[in-house]
Amino acid sequence: MIQFNSLGKSFGGRTIFSDTSLTINRGEKCGLVGRNGSGKTTLFRLIIGQEESSEGEVNLPKHYRIGYLDQHITFTKDTILEEGATGLPPGDEESLYKVEAILGGLGFSDDDFEKHPSDFSGGYQLRLHLAKVLLSDPDCLLLDEPTNYLDIVSIRWLQKFLKSWRKELVLISHDREFMDNVSTHTLGIHRNKIRKTKGGTEEFFQQILQEEEVHEKTRAKLEQKKTKSEAFIKRFGTKATKAKQAQSKKKALERLPTLEKLAAIDDLDFSFNFAEFPGKQMLSATDVCFSYDSNASDHLIDNLNLETLKGECIAIIGKNGRGKSTILKLLGQELSPQEGNIKSAEKLKIGYFGQTNIDRLHKEHTIDQEISLANSSLSISDIRRICGIMMFSGDDAKKTISVLSGGERSRVLLGKILASPCNLLLLDEPSHHLDMESIEALITAITEFQGSVIIVTHSEMLLKQLPLTKIVVCKHNKQDLIIGDYEDFESQGGWHDDDSTNSNAPKQKLNRQEARQLSAEIVKSRAKALKPLQKQMVAIENQIMELEDKLKEDNDLLIEVTTAEQSELIKKYSKQISKHQQQIDTLFKELDSYSSKYQREKDKFDEELDAINKGL
C-alpha cells in the first residue's frame, strides 16, 4: 500500500503536481498516464526516494519492498542465468527454474543462459534487468516503459505475467492496449494534479472530458450572470427607485465564485507532406540477401522479395534480432545488399524515421536549426510553423537538442520529415518515445498519408489500427510475406508459427503417442511439485482456523471479565488476543506466499502442456 499525503513537486518555480492525496491499495494495478514531461517518472523517483517532495510526503508500510525498472544497469555474474538468479529474494536463491521461466518468457533461449551479459545488446541487457526485477517478488512493481525493448511475443508473455501479479503495480507505458489489459485502475497527471480512477484509460479520459465540459459551461454561465449584474448595477445604481435592488445585486455579485478559464493544452496535430508521385510502383527488392558477418554461412536477410506500390501500408514484424530494422535500412539505402538489388522509382522521395536517427540530431543545435537543415529552401515562418505543429511554439523552438527528452527529440525528427515533402515513409518504432495522445495523432497521420508507408513496430495496437496491405514476417534467416492486414496474419497462424526460442516449446513436431507420453510425464511432475505445496497450504489453513477459534473464545472471555471489572484477567486475555492475531496475520502472509508459489508452478506446467498440444 502506498499513500500520498498532500504531495507536491516543483522544479525551478514550475509546479509539476501539487496537493495530491490518494492511496494505492493492496493488489491494485495502476496504469500511470500523462503527457511527456508531466511528471510520471518524477512520481516514481519520489516513491523510491530518489527525489524529495516540495510539499507533503509519500508513506510506505514498514519493510515494504519496491521493484523498480530504471535505466541504470550493472552486472556482477558471468552468465545470464547466474545474473538473473541475483534477482531472487532471500531464501529463494536455489529456484533456478523460476529464473529460466522468466528469462525464457522475455526472449532468452536455453543457449543464451550460459553466455555473459556483456555479449548482448543494450535491449537484451534491459530485458535481463527486467527479469531480475520480476524475480525479486517485491510488494510493488514500478515499471517505466517495460515494453520498449521487447518484441510482440515477449510483450504478450509480460502482459500475462502482470495480469496474474497479485500485489501492487504502477505502470508507465505508451502502449494503451497493453496498459488497459493489465491495469485495474488508472493514475493520471493532468493540469498539475494527480487523480486515480477505477478502470482503464478510456474511463479516465472520458471523466476528465466531462469534468472540463462542465467546468467551462459553469464558468460561461457565471460570466454571463456577472455581466448582467454589472450592467444592472451600472445602469440603476444611482436611481432612487432601483438603488436598493442594485445594492442587493452588488452583494450577490461579490458572493459569486470565480472560475478560471482552462488553459489550452497543445496537441500534436499534423499530416505528412506528400510529394506527388506519378507512377504506381515505388520501390522493389528482388532476391535481396544481407549479413553483417560476411563469413556467415546463413544470411540474416535471405532472398527478400518485396514490391511497394503507391498507397500501400506495409508492416515489418518479428522477434528482436531477426533483421527488421536492417530491412528498413536496406530499403532506405543506408545499407547495400550483398546479393540481389533494390530498385527505386525516379520520383521517389523517402522520409526516414530510424531508431538511431534521434541520436544523429546535433546536440548543440536548436530545434528550429535542425528543422531548417532538413530543407534549406524553407522560410523562417515555414520553420516556425513546423515547430508549432510539433508542439514547440514561440521560444520553445530555441531550445537546444541536448536539453530535450526522448519524446521531444522524436517530435523534432518527425518535424524534419514534415519539412521535406516525401511519398514513401520508412518508420522504425516511431511510437517508442511518444505519449498516448501523440501516438493517436501519428496513427491518424499515417492513415491519411497519400503515399506509401513501411513501418517496423512491436505495438499490436498500431498493427491492428493501421490499414495494412502486406506484412513481412522476419524469422530466423528467412522472411515470409503475408498479403493482407494483421487480422489475416493472425488467422494464418500468427505468432504460433514463429521459430520460438522458448524452452517450453517442443523442438520438433510430435506424433500423438509421443505427445501423450510427454504429457503424462509432465502431469506426473506437476503432481510431485504441487502436492507438497498444497499439503502445506492445507496445514496453514487448519492452523488459522484453530487460532481463529481460540481468538473467538478469548474475545468472549474478555467481554465477561471486562463486565466483571477483573483487571488482571483483562490484561491476560488482551495479551492472548494480540498474540493470536499476530500469529494469524503471519500465517496469512505465509499462506499467500505458498499460494503464489503454487500458482506459478501450476502455470509453468500448464504452459508446457500447451506447448505439447501446439506441437502435434
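In this predicted model, helix α11 spans residues 380-389, and its buried residues are I383, I386 and C387. Viewed down the axis of α11, these buried residues fall within an arc of 100°, so they line one face of the helix. What do the buried residues of α11 pack against? Their partners are two other helices, α10 (367-374) and α12 (406-419). After α11 comes M391, which has a positive phi, near 70°.

A sheet comes next. It is open and consists of 3 strands in the order β11-β10-β13, with antiparallel pairing. The edge strands are β11, residues 301-309, and β13, residues 339-344, each of which pairs on one side only. From one strand to the next, the twist averages 10°. Strand β10 covers residues 281-290 and is joined to β11 by 6 bridges, the two strands running antiparallel.

Now consider a pair of helices, α4 (residues 122-135) and α5 (residues 152-163). Their axes come within 13 Å and cross at roughly 15°. Angles under 35 degrees count as roughly parallel, and α4 and α5 are therefore roughly parallel to each other. The crossing of α4 and α5 is left-handed. Which residues meet between these two helices? On the α4 side they are R127, L130 and L134; on the α5 side they are S154, W157, L158 and F161.

Helix α5 also contains I152. Is I152 buried or exposed? The cut-off for buried is under 20% relative accessible area; I152 has a relative accessibility of 1% and therefore counts as buried. With neighbours within four places in sequence left aside, the contacts of I152 are T457, H458, E460, L463, Y486 and W495. The separation from S459 can be given in two ways: I152 and S459 are 307 residues apart in sequence, while their C-alpha atoms are 7.1 Å apart in space.

Definitions and conventions:
Residues numbered from 1 in each chain as written. Predicted model: local features only at pLDDT ≥ 70, side-chain atom pairs only at ≥ 80, totals over all residues. Heavy atoms only, no water. Buried < 20%, exposed > 50% of the residue type's maximum accessible area, 1.4 Å probe, protein only. Helix = DSSP H or I, 4+ residues; strand = E, 2+ residues; numbered from the N terminus. Arc of directions from axis to C-beta. Contact = heavy atoms within 4.5 Å. Pairing = 2+ DSSP bridges. Axes fitted to C-alpha atoms, helices over the stretch in contact; angles between N-to-C directions. Parallel < 35°, antiparallel > 145°, perpendicular 65-115°, else oblique. Left-handed = near helix turned anticlockwise from the far one by under 90°.
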